[in-house]
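Trainee: Could we go through this structure together, one question at a time?
Mentor: Gladly, let's have a look.

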Amino acid sequence: LGGTKNVEELETISENSGIGSRILVFVRLRPMAKKEKEAGSRCCIRIVNRRDVYLTEFASETDYLRLKRLRGRHFTFDASFPDSTNQQEVYSTTTAELVEAVLQGRNGSVFCYGATGAGKTYTMLGTVENPGVMVLAIKDLFAKIRQRSCDGNHVVQLSYLEVYNETVRDLLSPGRPLVLREDKQGIVAAGLTQYRAYSTDEVMALLQRGNQNRTTEPTRVNETSSRSHAILQVMVEYRVKDAAMNVLNRVGKLSLIDLAGSERALATDQRTLRSLEGANINRSLLALSSCINALVEGKKHIPYRNSKLTQLLKDSLGGACNTVMIANISPSNLSFGETQNTLHWADRAKEIRTKACQQNEELLQVPESETDQAKFILQLQKEN
Ligand code: ADP
Ligand code: MG
């Protein structure tokens, strides 16, 4: 049997083994909002066994008890979070392992997907009292670094950007739009600020400032909804020695992504300018869905180039990276269509295979002159 396989097939099999071989998909249900209650909403979502999500027009407690089973569409995810789930639990289940992997020099990414008002920004950024995944990940990262060493061997750098209307902007130092370029690490935004971070408190302030720079526009769906995609990248670099005493430089990168609302532009009924934005947001999200489709179907050509967002996510979707998707949904039957749409894409994303996630490491060049070598060794001894 083995003899009939061609080389290409063999490579794929070995690449698919190990962690990071599939996108992990989680669903988070948010509590019913006051506005939704006042509008007479019924709950159309029920989560059972921490994994199964039922989407139905009749999912009230009494209906459930009466029918003893749920009717409607059924989905299963890696975990599904009921509306009582706190931020720490969401972080621990979805992202903590990725932070550990980043500290081993591997790449990881987490993105929140869903309609406007479904809870993406709450999940990613959160509030001062209830910080979200971005903040908890950085806090955990610093705690883990402190456990490992107290000598400043690890360098943590942050960048925060947004894609708005097919334009890439630096959220840490707003200015002219950034140009995307391909280099050996993948697609990068040229000139993006890399901020060296030393503590969690400082990062929290930085993120909030960055978030205020995000382009937000009133829409009918949600007055403070963001029409932009925000990407936080955390890069950790440090040196290690291997068994042969070679000094290696390791780099791990964690990308945390808060996507703009996935609702169709038509649903928000906006005027000319807004509909242009809507079209572009759709273009990015449409491109994202085409990429997901192409990846699921195992196509050779994945249309990453169709939008800025998919160019930036190329690494996360089809690359050697641990990838997590969190689909955010509202419980209200008034959002039935959007929720169905979100669950459909989340269900589809489960099928995406990613390449095995290797460690990014590079042998450090040892200086040539003897005095420089002595200095280099002294420096390393200090660091380790
Ligand atoms: P999105 O970013 O998807 O447009 P938001 O994160 O802004 O949505 O959430 C909309 C509203 O719902 C906000 O007021 C937010 O504080 C609230 N919210 C969202 N998720 C939760 C949650 N899990 N618990 C409590 N409030 C939430
Ligand atoms: Mg938001």
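This is a predicted model: local features need pLDDT of at least 70, side-chain atom pairs count only at pLDDT 80 or more; totals for chains, interfaces and linings use all residues.

Trainee: Which helix gives the largest share of the shell around ligand 1?
Mentor: In this model 15 residues surround ligand 1, and K120 and T121 are among the closest. T121 is found in helix α6. The largest share of the shell, three residues, comes from residues 120–124, that is, helix α6.

Trainee: Is T116 buried or exposed?
Mentor: T116 sits in the loop between β6 and α6, and the unreviewed UniProt entry lists T116 under "binding site". A residue counts as buried if 20 or more other C-beta atoms lie within 10 Å of its own. T116 has 23 C-beta neighbours inside 10 Å, so T116 is buried.

Trainee: Why is β6 largely enclosed by the rest of the structure?
Mentor: Side chains in a regular strand alternate between the two faces of the sheet. On one side of β6 are G108, V110 and C112, on the other S109, F111 and Y113, and both faces are covered. β6 is largely enclosed because the number of its six residues that are buried is six.

Trainee: Which residue in β14 is the bridge partner of Y113?
Mentor: Strand β6 runs parallel to β13, with five bridges joining them, and there G108 stands opposite L254. Six bridges join β6 to β14, also in parallel. In β14, Y113 has as its bridge partner A327.

Terms used: Residues are numbered from 1 along each chain as its sequence is written. Chains are lettered from A and ligands numbered from 1 in the order in which they are written. A residue is near a molecule or strand if its C-beta atom, placed from the backbone, lies within 6 Å of it. Helices (H or I, at least four residues) and strands (E, at least two) are DSSP runs, numbered from the N terminus. UniProt positions are given in the numbering used here, feature names are shortened, and annotations may be inferred rather than shown by experiment. A residue is buried if 20 or more other C-beta atoms lie within 10 Å of its own, exposed if 12 or fewer, and partly exposed in between; C-beta atoms are placed from the backbone. Two strands pair if DSSP finds at least two bridges between them.
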